[in-house]
Amino acid sequence: MNEILQGILIPFAGTTIGASFSLFMKRSMNELVQRALTGFAAGVMVAASIWSLLIPAMNYAEDMGRLSFVPAAGGFWIGILFLLLLDHAVPHLHMNSAVSEGPKSRLKKTTMLVTAVALHNLPEGMAVGAVYAGYASGGETSLVWALTLSVGIAIQNLPEGAIISMPLRAEGMGRFKSFFMGVLSGVVEPLGALLTIAAASMALPALPYFLGFAAGAMIYVVVEELIPEMSQGKHSNVGTIMFAAGFSIMMVLDVALG
């Protein structure tokens, strides 16, 4: 149980570390570093969606024979559509939009930005929870795979924590208040993970659907958020190379530690 609690806190630690940049840095994260981190995390998350979520989901439903893909595919599409609806409900806000106007407008946009990032973090927390639920059930998911997914999402959360805290600090907000706003956006991840673990444990036959849902949500985040982010600007090739590195490392781990 301790390893599960520690594992679901790893992504939140990534957000916290990213937010802590505001305590000692005044400028935004180096563009090259951000492209590299984003690309690597995207590769890890795509590989994890396949080997940690979709394949185990089909293995859990192997008693369905040739229809064992149904829970994985159904959950996958539910995850995609859930994130699509979420994107329509919560508009995308760029890091500078929260600090570009007067105090009242800035407060409102800062609140919206924290809310938007927090809601987008929820499916990632659910993905971690789904993998650890699979591990806790004694099924297809290993602890190493669960930890690797947690670390991959934590890497992706580094720039997200910084995206909120550092612009606020640059505009004159106190160091610790800026840090707190960044940390606040990541609180939903461990909560989402715990709720998913609890739900899966109460309805174990639904676990393949939870795993498929988490895969769909993660793939949506990668395609909609991470790939465009790593592909923009003059360092796009770095993002592509790091994507391949993240994906291949997860592939090697699957064979070596599977």
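A crossing of two helices is called right-handed if the near helix is turned clockwise from the far one by less than a right angle. By that convention, α1 passes α7 in a right-handed crossing. The model is predicted.

**Helices α1 and α7**

- Helix α1 covers residues 2–20 and helix α7 covers residues 188–202; their axes come within 8 Å and cross at roughly 145°.
- On the α1 side, the residues that meet α7 are Ile4, Leu5, Ile8, Leu9, Pro11 and Phe12.
- On the α7 side, Glu189, Pro190, Ala193, Leu194 and Ile197 meet α1.
- Sorted by class, the residues of this contact are ten nonpolar, no polar and one charged.

**Helices α2 and α3**

- The axes of α2 (residues 31–60) and α3 (residues 69–89) cross at roughly 140° and come within 7 Å.
- Leu54, Ala57 and Met58 of α2 make the contact with Phe69, Ala72 and Phe76 of α3.
- The residues of the α2 contact with α3 comprise six nonpolar, no polar and no charged.

**Annotated transmembrane regions**

- An unreviewed UniProt entry lists residues 6–24, 36–57, 69–90, 111–135, 141–158, 179–200, 206–223 and 235–257 under "transmembrane region".
- In the model, residues 36–57 are 100% helix and 0% strand, and the end C-alpha atoms of this span lie 30 Å apart.
- Residues 206–223 are 94% helix and 0% strand, with their end C-alpha atoms 26 Å apart.

**Gly239**

- Gly239 is part of helix α9, which runs over residues 236–257.
- The relative accessibility of Gly239 is 0%, so Gly239 counts as buried, the cut-off for that class being under 20%.
- Leaving aside residues up to four places away in sequence, Gly239 touches Arg35, Gly39 and Met230.
- Gly239 and Val33 are 206 residues apart along the chain, yet their C-alpha atoms are separated by 9.3 Å.

**Ile227**

- Ile227 sits in helix α8, residues 207–231.
- With a relative accessible area of 30%, Ile227 is partly exposed, since that class lies between the 20% limit for buried and the 50% limit for exposed.
- Ile227 and Arg35 are 192 residues apart in sequence, and the C-alpha to C-alpha separation is 9.6 Å.

Technical notes:
Residues numbered from 1 in each chain as written. Predicted model: local features only at pLDDT ≥ 70, side-chain atom pairs only at ≥ 80, totals over all residues. Heavy atoms only, no water. Axes fitted to C-alpha atoms, helices over the stretch in contact; angles between N-to-C directions. Helix = DSSP H or I, 4+ residues; strand = E, 2+ residues; numbered from the N terminus. Contact = heavy atoms within 4.5 Å. Nonpolar A, V, L, I, M, F, W, Y, C, P; charged D, E, K, R; others polar. UniProt positions renumbered as here; feature names shortened; annotations may be inferred. Buried < 20%, exposed > 50% of the residue type's maximum accessible area, 1.4 Å probe, protein only.
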